[in-house]
Structure formats: C-alpha cells, structure tokens
Amino acid sequence: MSAAGTGNLTDASRKHSKLTEAEAIDRAKQGDADAFETLYNLHKRRVYSLCLRMTANTAAAEDLTQEAFLQLFRKIATFRGESAFSTWLHRMAVNVVLMQLRKKGLALVPLDETVESEEESPRKEPGADDMRLAGSLDRIQLNHAIGELPPGYRTIFLLHDVEGYEHNEIADMVGCSIGNSKSQLHKARMKLRELLKTSRAEKATKP
Amino acid sequence: MTCEEFQRVLPELEGGHNFEQEQHLKTCSRCSELISDLSAISQQARLIGATTEEPSPRVWNSIEITLRQEGLIHEPSPVAGRARVTSWRLSWLVPALAALLVVFGVVLHRPGKQPSRSAMSSPPVVKAVEEPGPELATLADEEQLLGMVAARAPALRADYESDLRAVDEYIRDAERSARSNPNDELAQQYLMNAYEQRAMVYEMAMDRTLP
C-alpha cells in the first residue's frame, strides 16, 4: 500500500502553516493558538501512529495522542532546545502510552526471564518450513501480526524495530534490564514469524 | 555448534556473528532461514515506522478546547478572529462533502456487503470501488476545487493539486487492498482513512479559499 497520501499532505501542511517549527515553539510559549496547531500538525501523524501501534485500538490511540500533546503543550515553556523537539515529543508520547498500559495492568515485560507462560512462549521451531518470509513479507501482513502480539512483546518490538530506540533506552523507559529487553525483542520476532507463517499457511489452504 | 546452542545466543547477536556461528549458518539451512526471516521482519518493521496514520479532527478540537480552558492560549489567532463572509454555496459544502465521503465509504466497504448500482452512481464525488480509476465526477469536483483555490491563492494551487493526486493514489491502493482482502478489517480501516484524508484536503482547501 502506498503511503503517498500521507507524506505529501505533511509537506503541504508544513508549507501552508506559515511558521517554521522554531517560530511555532516560540509563539506557542506565548500562547499563540496558530502556533500550537502548527506544532500539532507537524507531529500528529508520528505520535498517533506510535500510539496506534502500541495499543492496536484507534479510540485509545486518539485519546493517548491527545494526552501526549496536552502534556507537551503544558510543558512547552520549559523546552530549552537541548534536544530536538520531535525527540522530546516522541519520548513524551512513549511515556504516556506506557503509563496507560501500566494503569490497565497489562504486563509490559516479564521481570523474570526464566518464567514464561504457555501463552507467551513462542512455539518451538518445527521441522524445516518451506515458507520463507524474506522477499514476500509486506507491511499490511506485519501490521496485522503485530496487533496479535502479547502487549509486552509488542511494546518492546515497536520501540526497538519500529521506533528505533536502543535497548538501553528501552530498558530505561520500560523499567527492565537491557538483557530482558533483548530477550523480549527476540521472542517478539519469533512470535511474529510464527504468526506470519500460520497466516500464510491458512491462506494457502483456503479454496 | 548445534542449532540449540546457536538459537540460545541469538537474542544477544545484533548484526554480527562469530566464526563458529558463521560456520553453523553455512551448514544449517534451518538456522539460516530463521536468521533470514527475523531479518526480514526487522527490516519491514522499519518501513512501518515510515508510514503514518492520522488522528481524526476531533483530537485537535479537544486539545484546543482544553488549552483554552486552561488558559494556555492567550491571544486569539488572526485567522480565528477574522470575520468570515461565506457564500451560501460554500459554507455547507465542506461538512456535507466530508460526511458524504466518509458515509459512502462505510456503506460501500462494510465487510460482505456488495454495493448496489444506485449506491455507486448517486454520490457524484466518491469513486465506485469496482472501477479502477477516479470517476469523471470526482475529477470535475477536484478541478472545481482547484479552480477556487487558484482564484484566491494562486500560489497554493500546485500544492493542492499534488495533495489531491497523492490522496487519490492512496485511495486507489486502499481500494485495491480492500478488494483483495474483503474480510480484512485493517484493509477496511486503511480505506476509511484514505477517504477521510481526501475529505480533509477538501476542508483545508475550502478553509483557505474562504474570505
């Protein structure tokens, strides 16, 4: 599926906003409504996508997007520019989502790596499987499979493989060890592999 | 090195294998395929990060209301404070058009439901799913919209034309995917998002052209 519809709209919004990001930040600190809206339009897609992938629920993702931006705008006066604004916002969005997941009691990451539930531990690899994923995997299939991951695996996978955080950053955000983060990432990938192959096998057997 | 030994250390391997691991991969097709699959998953995941969804307009509306209630917005924006004189032809068109696009998308692409001929032909601004390209009526509407933009803000016409072409392509991709996977809720959601994006382009264009 083409992402053309989303990318060009971002460029158009940027051009039409009449404010650069730096100008918008300065004006937002003074309470300028247009400036807030400019900052929102510049970053809404990335924040929303992150929330959507981590919750797999559009209503929850919209609520979390709203909360992330509100927290950002409430604290914008404290932004000094030591890091990129987008990095600051992104980190805030991740924290908002993680807090929400904790509130719901969803086990983000098992603290004890040696304890695995039946549901969480990926099925052991069977004999030779002739359905290679490389070269035939697309984003829609992968998105679907990510939605079926247990919350803990999904969080680590999204933060590392999709959002690009390093294990030490993930460990800090999620509150686990670096080793745990690596282990959970590997399990997430293995689980995704299993889900993708199962889905492929089911489609192959359908009339 | 056995397969079990190799797979035990896999979580710690990021982009590099030692000699013994390399030798095992050369001789073991199963572990080699596993590495290949995990790598494909990781690479495709990076591309997912590059594609983005968009929240509905109600998110910004809620944010703005809250910011005003909390006093974080001090000055009225020049755009919001400006009195708008809207022509009767235009003031109802934007929300009606957006609603038509979204509702028609829901009616047309409900799982298992086949669109009737009358449903496909009556709303002139929405493309029929079965047809591969945009209907003439849609193109005519887009030309009219671009004409209005050009009349008010000539410098913006090219940008909006580019946006409309991009979102039409997005809709075509999403329709193709929905046709191939009629029971796939994600494909349906993508299609809804595509229609909403077109509605938003119209809304933005109308907003800019209103005096």
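**Chain A and the cores**

A: Chain A has nine helices and zero strands. Bear in mind that this is a predicted model.

Q: What order do the elements of chain A run in, from the N terminus on?
A: They run α-α-α-α-α-α-α-α-α.

Q: How much of chain A is buried?
A: Of the 207 residues in chain A, 41% are buried.

Q: And the contacts in chain A, between residues at least 6 apart in sequence: what share join residues at least 24 apart?
A: That share is 68%.

Q: Ok, cores. How many residues does the largest nonpolar core have?
A: It has 54 residues. Phe36(A), Cys51(A), Ala93(A), Val97(A) and Phe157(A) have the most contacts inside it.

Q: Which helix gives the most to this core?
A: Helix H3 of chain A, residues 33–55, gives the most, with 12 residues.

Q: What is Phe36(A) in contact with, leaving aside neighbours within four places in sequence?
A: Ala28(A) and Phe73(A) in chain A, plus Leu67(B) and Ile73(B) in chain B.

Q: Which residues are in the other core, apart from that one?
A: That core has 17 residues, including Val167(B), Tyr195(B), Val201(B) and Ala205(B).

Q: Switching topic: where is Glu169(A)?
A: Glu169(A) is in helix H8 of chain A, which covers residues 167–174.

Q: Why does Glu169(A) count as partly exposed?
A: Because 17 other C-beta atoms lie within 10 Å of Glu169(A), and buried would take 20 or more, exposed 12 or fewer.

Q: How far is Glu169(A) from Ser181(A)?
A: Their C-alpha atoms are separated by 9.7 Å, and the two residues are 12 apart along the chain.

Key:
Residues are numbered from 1 along each chain as its sequence is written. Chains are lettered from A and ligands numbered from 1 in the order in which they are written. This is a predicted model: local features need pLDDT of at least 70, side-chain atom pairs count only at pLDDT 80 or more; totals for chains, interfaces and linings use all residues. A nonpolar core is a set of buried Ala, Val, Leu, Ile, Met, Phe, Trp, Tyr and Cys residues joined through C-beta atoms within 7 Å. Helices (H or I, at least four residues) and strands (E, at least two) are DSSP runs, numbered from the N terminus. Two residues are in contact if their C-beta atoms, placed from the backbone, lie within 7 Å.
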